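This report walks through the arrangement of the chains, the charged pairs and some backbone features. Please keep the structure in view while reading.

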There are 2 protein chains.
Amino acid sequence: MTLTVLFAASDANWAEYAEPLRAAIAAAGLTASLTREAAPQAVDYIIYAPTSPLQDFAPYIRCKAVLSLWAGVERIVGNPTLTQPLCRMVDPALTEGMVEWVVGHALRHHLGMDRHILNPGHVWDPSCPPLARERPVAMLGMGELGTACARALAALNFPVTGWSRSPKQVDGISCLHGDAGLDQALSQAQIVVTLLPKTPETENTLNARTLALLPKGAVILNPGRGALIDDDALLAALDAGQVGHATLDVFRVEPLPPDHPFWSHPRVTVTPHIAADTRAPSASRVIAENIRRGEAGEPFLNRVDRGRGY
Amino acid sequence: MTLTVLFAASDANWAEYAEPLRAAIAAAGLTASLTREAAPQAVDYIIYAPTSPLQDFAPYIRCKAVLSLWAGVERIVGNPTLTQPLCRMVDPALTEGMVEWVVGHALRHHLGMDRHILNPGHVWDPSCPPLARERPVAMLGMGELGTACARALAALNFPVTGWSRSPKQVDGISCLHGDAGLDQALSQAQIVVTLLPKTPETENTLNARTLALLPKGAVILNPGRGALIDDDALLAALDAGQVGHATLDVFRVEPLPPDHPFWSHPRVTVTPHIAADTRAPSASRVIAENIRRGEAGEPFLNRVDRGRGY
């Protein structure tokens, strides 16, 4: 039987994914027609990104799963017409890229690299940074990405405290949860990494109150979602020196608008949503594996819990 | 019996080390007089840095070992009056600091951070770097420090080739040696780290010929010794774009003279010999352990092989 797999995403996505998806589907032993147009009632699986105009999932009566190309599903999870199983993208290459960005920028701030990269006065100041073991890190969000980043930082001796809304246990990482746990994690952190999913509960996790809990001069790294941080509160904390620097990869509006104050703030580094790029070959293998599972009656990988929103 | 331990280093070294050394010696169960002046024939051990004027070791007829505060011993190893056992400093904190510097700057160049840190035009260019697994690294020098850095980079998925003058085997690292091995390691490396000891054989390991073997645009990280690189050849390779960037922590003359072209070269980052600072508390414990070993008749840690020069 030939499956009908609808690719619902942008032209650019199609150019990037068509070949890797066909290869991965074939390698999984499946026979499928990968298409950008099909009668809704004939579709077995939808591969989806919010770059597609598709909003009404009701006519896809035979569809066994909607497979997101994106890790974040906040633009689709609340859609009332979406009753089919929804799976997030958890791309192993995405995790690797995220670990590289987080570890790289954590070490950049830890080592004080910027004062050497930008040293117009040619100052030779051999004062030495502390060791990583003396630099506490708070990892807000201990999902797939947060846990991988926490482990990589701990392997470099950073004392890492992981925080999540619900309790977690991870070897080698001291884990806290709940509101009191968040306050405790922040009160000790010289570097804070925000890798929470975007849900109504996580919006503005870093706000005027929580930023004030940090030791003065702490650094924020946000490769998660723009909405995790209250921008105005962050700018005020940066202006006051309460936050020493913020390196931000994600924003409420992207590309970051040219007149946004983050661009020119001396204590902000903007990176253009590159911390975790999904890579077509590895993401395609994840999609194909989920189609294989659907056909074999096995549980899907990375299925979204709509109650939690991720 | 009270040992006489001569501290032969600068006033600044004394201010930093007197207390940690006394504490470490006591913790090792030894009774010693730690002093900056003693009759040479009464001295049991010399703690030494080249910041001391001491050059004639011949009168120290009872001295059982000269314990260097520095990892590099090139300024003392050739001294013909030094017939006592000589031990290098291998400070565990020094290794940690070195790993942090090397991994941090490797990730900085790998991720292309500088174009985000310095982005006066506020350009949003979401082109994504490759993964670390696609970025080959050559580690020149596979001693204590080189091996630790190679392992940390490999743990982040960088494909690391280790090179040393004599053959080595290290799990997870592809190791090459000898002249042909050097050429092979360099011909594939997008990032080269120089962590060789300074000996007559390693001087100018990176020179016009070997720099030309690199893939165009490769990055050099030198936290080892200034003399490992031919400065003029490096500047020419940087001007030609053959070397994309050099981040240098060590120099033939330190502090780097204000008129040195490295300061203002757009493809050079100068860090002020901070990659591996010896930390007094942990270094003092290593010194005390070697005194304990000397008194117990056990082999010294990190004893220098004068034939090799390190």
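## Relation between the chains

The model discussed here is predicted. The same surface serves both copies, since 100% of the contact residues of chain B recur in chain A.

## Salt bridges within and between chains

Side chains of opposite charge can pair when their charged atoms come close. Over all chains, the count comes to 32 salt bridges. One of them is formed by Glu74(A) with Arg225(A), whose closest N and O atoms are 3.4 Å apart; this pair links distant parts of the chain, with Glu74(A) in the loop between β4 (65–68) and β5 (86–87) of chain A and Arg225(A) in the loop between β10 (218–222) and α7 (231–239) of chain A, 151 residues apart. Glu74(A) is partly exposed, with a relative accessible area of 25%, whereas Arg225(A), at 18%, counts as buried because the cut-off for that class is under 20%.

A salt bridge also runs between Arg133(B) and Glu96(A), with the closest N and O atoms 2.6 Å apart. Arg133(B) lies in the loop between α3 (114–117) and β6 (137–140) of chain B, while Glu96(A) lies in helix α2 (residues 92–111) of chain A, so the pair joins two chains. The relative accessible area of Arg133(B) is 43%, which makes this residue partly exposed, but Glu96(A) counts as buried at 15%.

In chain B, Arg225(B) forms a salt bridge with Glu74(B), again with a closest N and O separation of 3.4 Å. These two residues tie together parts that are 151 residues apart in sequence. Arg225(B) is buried at 18% relative accessibility, and Glu74(B) is partly exposed at 25%.

## Backbone features in loops

The peptide bond from Glu254(A) to Pro255(A) is cis, with omega near -10°, and Pro255(A) sits in the loop between β11 (243–248) and β12 (268–270) of chain A. In chain B, the bond from Glu254(B) to Pro255(B) is likewise cis, with omega near -10°.

Asn157(A), although not a glycine, has a positive phi of about 85°; its place is the loop between α4 (144–155) and β7 (160–164) of chain A, where Asn157(A) is partly exposed at 29%. Asn204(A) also has a positive phi, near 55°, and is found in the loop between β9 (191–194) and α6 (208–211) of chain A.

Technical notes
Residues numbered from 1 in each chain as written. Chains lettered and ligands numbered in written order. Predicted model: local features only at pLDDT ≥ 70, side-chain atom pairs only at ≥ 80, totals over all residues. Heavy atoms only, no water. Helix = DSSP H or I, 4+ residues; strand = E, 2+ residues; numbered from the N terminus. Buried < 20%, exposed > 50% of the residue type's maximum accessible area, 1.4 Å probe, protein only. Contact = heavy atoms within 4.5 Å. Salt bridge = Lys/Arg side-chain N within 4 Å of Asp/Glu carboxyl O.
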